[in-house]
Amino acid sequence: VVVDAERASVEAQAARVDALILLGRRVDALAVLEKTSFARLPRGGELTVLRGELLAASGRCRDAMRDFAPISESAASGDVAERALYGQGICRAHLGDLNGAAADLRAYLGRFPGGRFQNAAEQALRSLSSSSVPTP
């Protein structure tokens with residue numbers, strides 16, 4: 001019964017994150033994401049990547065990398081893996097790892113041809129070749 005109650009609480013927190021995002025309250029959503037482990041939920045990967053995206057958007061790319069790396073380095077596919085690999089590439093660029101960023105962005109384009117970040121990834125690669133850093 002305790003496990004069911006804990007899971008229900010975590011699911012409620014996930015629903016709260018969804019509501020906060022819909023309301024545009026990204027800072028509040030990030031606060032919930034940072035306090036709660038969603039690893040046991042079916043949406044755990046998605047919520048982890050969302051936390052990484054919110055961390056990156058708030059200038060905390062080093063922290064975001066911890067959320068992106070396990071998913072982007074896995075064999076996962078789909079929207080969550082796509083977001084993680086792209087986010088990791090952009091954060092590496094911001095952290096000064098331009099070679100790693102270029103490798104991630106090329107890997108993104110290879111794994112997700114026609115993906116939702118294709119244009120941004122191509123533009124970021126062009127920017128990297130001219131030594132400027134793209135924004136997340």
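Q: How many helices and strands does the protein have?
A: In this predicted model, the protein has seven helices and zero strands, and reading along the sequence gives the pattern α-α-α-α-α-α-α. The radius of gyration is 16 Å, close to the 14 Å that the globule rule gives for 136 residues, so the protein is as compact as a globular protein of that length.

Q: And what box do the C-alpha atoms fill?
A: Taken along the principal axes, the C-alpha atoms fill a box of roughly 55 × 30 × 20 Å.

Q: What share of the residues counts as buried?
A: Of the 136 residues, 40% count as buried, and the accessible surface of the protein comes to about 7500 Å², with 53% of that surface belonging to carbon and sulfur atoms.

Q: What about contacts, how many join residues at least 24 apart?
A: Among the contacts between residues at least 6 apart in sequence, 49% join residues at least 24 apart.

Q: Switching to charges, how many positive and negative side chains are there?
A: The protein has 17 positive and 16 negative side chains, and the centres of these two sets lie 3 Å apart.

Q: Now aromatics: how many pairs does a search of the whole structure find?
A: The search finds four aromatic pairs. One of them joins Tyr86 and Phe117, which are stacked, with 4.5 Å centre to centre and 5° between the planes.

Q: Where do Tyr86 and Phe117 lie?
A: Tyr86 lies in helix α5, residues 79–94, whereas Phe117 lies in the loop between α6 (98–111) and α7 (118–129), so the pair ties together parts that are 31 residues apart in sequence.

Q: Are those two buried or exposed?
A: Tyr86 is buried, and Phe117 is buried as well.

Q: Which residues form the aromatic cluster?
A: One aromatic cluster is formed by Tyr86, Tyr108, Phe112 and Phe117.

Q: Last topic, Asp104: which helix is that in?
A: Asp104 lies in helix α6.

Q: Why does Asp104 count as buried?
A: Its relative accessibility is 8%, and the cut-off for buried is under 20%, so Asp104 falls in that class.

Q: Which residues does Asp104 touch?
A: Leaving aside residues up to four places away in sequence, Asp104 touches Leu85, Gln88, Gly89 and Arg92.

Notes: Residues numbered from 1 in each chain as written. Predicted model: local features only at pLDDT ≥ 70, side-chain atom pairs only at ≥ 80, totals over all residues. Heavy atoms only, no water. Helix = DSSP H or I, 4+ residues; strand = E, 2+ residues; numbered from the N terminus. Rg over C-alpha atoms; globule rule 2.2 N^0.38 Å. Buried < 20%, exposed > 50% of the residue type's maximum accessible area, 1.4 Å probe, protein only. Contact = heavy atoms within 4.5 Å. Areas by Shrake-Rupley, 256 points an atom, 1.4 Å probe, with all protein chains shown as cover. Lys, Arg positive; Asp, Glu negative; His and termini not counted. Charge placed at Lys NZ, Arg CZ, Asp CG, Glu CD. Phe/Tyr/Trp six-rings, centres within 6.5 Å; stacked < 30°, edge-to-face > 60°.
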